[in-house]
Every structure is written in structure tokens, then in C-alpha cells.
Amino acid sequence: MATGRTHRPATRSRGIPEATVARLPLYLRALTALSERSVPTVSSEELAAAAGVNSAKLRKDFSYLGSYGTRGVGYDVEYLVYQISRELGLTQDWPVVIVGIGNLGAALANYGGFASRGFRVAALIDADPAMAGKPVAGIPVQHTDDLEKIIQDNGVSIGVIATPAGAAQQVCDRLVAAGVTSILNFAPTVLSVPEGVDVRKVDLSIELQILAFHEQRKAGEESASEAAVPAVAASREDTTDQGPDGDVPAVMPA
């Protein structure tokens with residue numbers, strides 16, 4: 001099986017927009033679930049709903065792959081799984097190293113979804129000498145002193161950084177110098193990398209802060225709505241007051 005060192009995905013050279021690339025894993029996840037249920041075909045509307053996008057956007061995305069579906073039939077699920085997997089480079093073996101085996105790094109090492117999606121955890125690396133040789137997810141942790149040799153020996157081009165923020169840039173620099181060209185960063189800091197190195201940042205605190213913003217906005221809207229109800233009720237009472245003879249008074253012209 002080919003390694004990540006010798007092959008790169010073809011999406012950029014084929015001119016697929018980054019926004020489309022970002023949605024391809026969503027389609028693949030939905031299609032994989034359909035495949036596991038032995039569903040042979042799926043309509044654009046059904047697949048779009050499962051992936052959380054609108055069907056027009058899905059059809060546009062698939063047009064970049066050269067897939068247009070069949071009118072009245074839809075898309076062939078197995079073929080799309082293969083096609084998207086190929087575009088994402090998942091028909092190859094991608095060795096990955098995880099640097100920083102604290103709670104988060106250990107959780108990532110134990111994640112069972114890597115292998116089924118074309119990724120192989122080739123090594124776990126940590127700066128703590130007490131961690132050296134300790135098995136995590138069945139893989140012995142190695143010391144950062146050996147980082148460069150580990151990268152070279154395993155042909156690694158993808159690195160995962162799960163270190164504290166203060167150590168992340170130094171680890172990043174060493175990974176890049178050793179030949180890593182793609183980095184998934186879980187450290188709460190912005191990394192500086194040279195041209196040709198891709199970085200994807202995962203910051204759980206930022207995502208929670210965004211959710212807190214939406215919760216606050218929803219609470220504010222609910223409070224405003226509740227405040228508006230008595231005002232409306234009072235207004236209705238004013239307009240339905242009866243006159244002294246029991247009749248509703250006529251509206252006088254200004």
C-alpha cells in the first residue's frame with residue numbers, strides 16, 4: 001500500500017475549492033453510513049439532508065468530482081464512497097505521529113476511527129522521560145529526542161500536536177524540519193509555518209465560546225419576547241375599554 005510520503009491528494013491540482021474539500025468528509029461519513037446499511041443509491045436531497053447541507057450545494061460539489069448522478073435514480077453509494085475517498089487521499093496509508101501524550105493525546109491515540117479512514121498512528125511522542133516505553137493504545141510512547149528519526153523511519157507527513165501551548169511552536173518547527181507537511185494542531189495557540197505546510201487548528205474552547213454566544217443571544221431573544229407579551233396585552237385592553245353606556249368608543253379622527 002502506498003504511503004503518505006510518496007503520494008499527495010489531487011484535489012488542489014484539479015481545482016476543487018477549499019469549501020468543497022471541507023464538505024467532502026461530511027458526504028463520506030453520510031455515504032459510509034448508507035453503505036453499512038446496504039443502501040445502493042441515494043438522491044441528492046436525501047444525501048444533502050444527511051450531510052447537513054442543501055441539495056443544490058451538494059450537486060455543485062459533486063460536479064467538481066465529475067459525478068452528476070442519474071435522474072430518477074440518484075447517486076451510486078459505493079461508487080461515491082470510492083470516489084470521495086480517492087479525492088481525499090484515503091485509498092492510501094497515511095502514517096501519523098501524535099506529539100504530546102497527555103489526556104488529550106492519549107484520547108486521540110485511543111480513537112478507533114483512524115484506521116477505518118485511511119490513517120495509521122505510527123508513533124506516539126512525549127517530552128516526559130517517565131512516559132518513554134509506556135504503552136498507550138498498544139503503542140509504546142517514544143521520547144521527543146527521537147522525533148526526527150521517528151519521522152524519517154516511518155515516512156510520516158502528517159503530525160498531530162497535542163502539547164501545551166508553550167511547547168507547540170517548537171514541536172511544530174521540528175516536525176516541519178523533519179519533513180512533515182501537514183499538521184493538526186490541538187494546542188491553544190497559533191502556529192507559524194513556512195509556505196507549503198498545511199495547518200488545521202482544533203480549539204475546543206473557541207467552539208464552546210461560540211456556542212455560549214448563541215446561547216446568550218437566544219436567551220436575550222426569549223427575554224425580549226416575554227417582555228413584549230404584557231405590552232401587547234395592555235395595548236389590547238386599552239383599545240377595548242367600553243364607554244359609559246357599555247359601547248366600545250369610536251376612534252376619533254386626529
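**Entry 1: a bridge in the sheet.** A reminder to myself that this is a predicted model. I began with I125 and found that its bridge partner in β6 is Q142. Stepping back to the two strands, I saw that β4 (residues 119-126) and β6 (residues 139-143) run parallel and are joined by three bridges.

**Entry 2: the whole sheet.** Next I asked myself in what order the strands of the sheet lie. I read β5-β6-β4-β3-β7-β8-β9, which makes an open sheet of seven strands with mixed pairing. At the edges I found β5 (135-136) and β9 (198-201); each has a single partner strand, so one side of each lacks a neighbour in the sheet.

**Entry 3: a helix over the strands.** I then followed helix α8 (residues 165-178), which lies across β3 (94-99), β7 (158-161) and β8 (182-185). Against β7, I noted that α8 runs at about 170°.

**Entry 4: the two sides of α7.** Which residues of helix α7 (residues 147-154) are buried? I listed L147, I150 and I151. They sit on the same side of α7, because the arc they cover around the axis is only 100°. Just after α7 comes G155, where I noted a positive phi of about 60°.

**Entry 5: aromatic pairs.** How many aromatic pairs are there? The count comes to three. I looked at F62 and Y75, which form an edge-to-face pair at 5.1 Å centre to centre, with 85° between the planes. This pair links distant parts of the chain, since F62 belongs to helix α3 (residues 55-65) and Y75 to strand β2 (residues 75-76), 13 residues apart.

I went on to Y111 and F114, another edge-to-face pair, with 5.1 Å centre to centre and 85° between the planes. Here Y111 counts as partly exposed at 44% relative accessibility, and F114 also counts as partly exposed, at 21%; I kept in mind that buried means under 20%.

Methods
Residues numbered from 1 in each chain as written. Predicted model: local features only at pLDDT ≥ 70, side-chain atom pairs only at ≥ 80, totals over all residues. Heavy atoms only, no water. Pairing = 2+ DSSP bridges. Helix = DSSP H or I, 4+ residues; strand = E, 2+ residues; numbered from the N terminus. Contact = heavy atoms within 4.5 Å. Axes fitted to C-alpha atoms, helices over the stretch in contact; angles between N-to-C directions. Buried < 20%, exposed > 50% of the residue type's maximum accessible area, 1.4 Å probe, protein only. Arc of directions from axis to C-beta. Phe/Tyr/Trp six-rings, centres within 6.5 Å; stacked < 30°, edge-to-face > 60°.
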